[in-house]
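Trainee: I would like to learn how to read the packing in a model like this one. Please take me through it step by step.

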Amino acid sequence: MSTGMLDLLLPALGQTIYMVVVSMLIATVIGVPLGILLHTTGKGQILEAPLLNKVLGTVVNIVRSIPFIILMVAIIPFTRLLVGTAIGTTAAMVPLVIAAVPFIGRQVETSLKEVPYGLVEAAEAMGATPLQIIWRVLLPESMSSIVAQLTTVIINLVGESAMAGAIGGGGLGDLAIRYGYQRFRPDVMLATVVVLVVLVQLVQFGGNQLAKHLDKR
């Protein structure tokens, strides 16, 4: 690979990693508690609250149903209000976070549902509070599954960060569009695809290994 190609790829790769890592951290901080609420406020659960559960579920489903490319364009005024601009890597993180939060919420909810309810009942019989059940039963027992689900979200964010290049979001997607497509550089396009494939494979491998390490079975 030529030096010129590396000069193009490395900054773009750095921007993509920056977008994905920061967006994932913010989305996880919001999405995991959302997933816990979606699960624990369900029928027959430790914090049963049907109305709250229905409202949260509806909002999550609405946001998840919006294609990412449409979401990016639709919230441009909000993005500009929040970060002062609608282009660049920082601006791209706003729709990335908004798209990832409900996805994480549903994935965490699914993982928590896999925990045998008998464990929860046993904890309740021993006098554990709902918060203690969440921290000492639900999360530890489902952590391997949650990590595997979050790995899927990260991979999804890599793809969406590439899509963000369509509106000047920076990163590998922006490089592929500006150099590979608009300047008719198939070599740049191919190199970008190869880097994205390698990045996804590394994320998947790391996530699988961590999930396997946390699996108590």
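Trainee: Which residues touch the most other members of the largest nonpolar core?

Mentor: Keep in mind that this is a predicted model. The largest nonpolar core has 53 residues, and L9, I104, I133 and L138 are the ones that touch the most other members.

Trainee: Which helices each supply at least two residues of this core?

Mentor: They are α1 (3-40), α2 (50-64), α3 (68-74), α5 (89-113), α6 (117-125), α7 (130-163), α8 (171-181) and α9 (186-214). The most comes from α5, which gives 12 residues.

Trainee: What does I104 touch, leaving aside residues up to four places away in sequence?

Mentor: The contacts of I104 are M24, A27, T28, G31, V32, L150 and V153.

Trainee: Now a helix pair. At what angle do the axes of α1 and α8 cross?

Mentor: They cross at roughly 140 degrees and come within 6 Å. Only angles over 145 degrees count as roughly antiparallel, so α1 and α8 are oblique to each other.

Trainee: Which residues meet there, in α1 and in α8?

Mentor: From α1 come L8, L9, A12, L13, Q15, T16 and M19; from α8 come G171, L172, L175 and Y179. By type, this contact has 8 nonpolar residues, 3 polar and no charged.

Trainee: Which element has the lowest mean pLDDT?

Mentor: Where pLDDT is low, predicted coordinates should not be read in detail. Here the protein averages 91, and 98% of the residues score at least 70. The lowest mean among the elements belongs to α8, at 82, and the highest to α2, at 96.

Notes:
Residues are numbered from 1 along each chain as its sequence is written. This is a predicted model: local features need pLDDT of at least 70, side-chain atom pairs count only at pLDDT 80 or more; totals for chains, interfaces and linings use all residues. Side-chain values use heavy atoms; hydrogens and water are left out. A nonpolar core is a set of buried Ala, Val, Leu, Ile, Met, Phe, Trp, Tyr and Cys residues joined through side-chain atoms within 4.5 Å. Buried means under 20% relative accessible area, exposed over 50%, partly exposed in between (1.4 Å probe, protein chains only). Helices (H or I, at least four residues) and strands (E, at least two) are DSSP runs, numbered from the N terminus. Contact means heavy atoms within 4.5 Å. Axes are lines fitted to C-alpha atoms, for helices over the stretch in contact, and angles run from 0 to 180 degrees between N-to-C directions. Angles under 35 degrees count as roughly parallel, over 145 as roughly antiparallel, 65 to 115 as roughly perpendicular and the rest as oblique. Ala, Val, Leu, Ile, Met, Phe, Trp, Tyr, Cys and Pro count as nonpolar, Asp, Glu, Lys and Arg as charged, and the others, Gly among them, as polar. pLDDT is the predictor's confidence in each residue, from 0 to 100.
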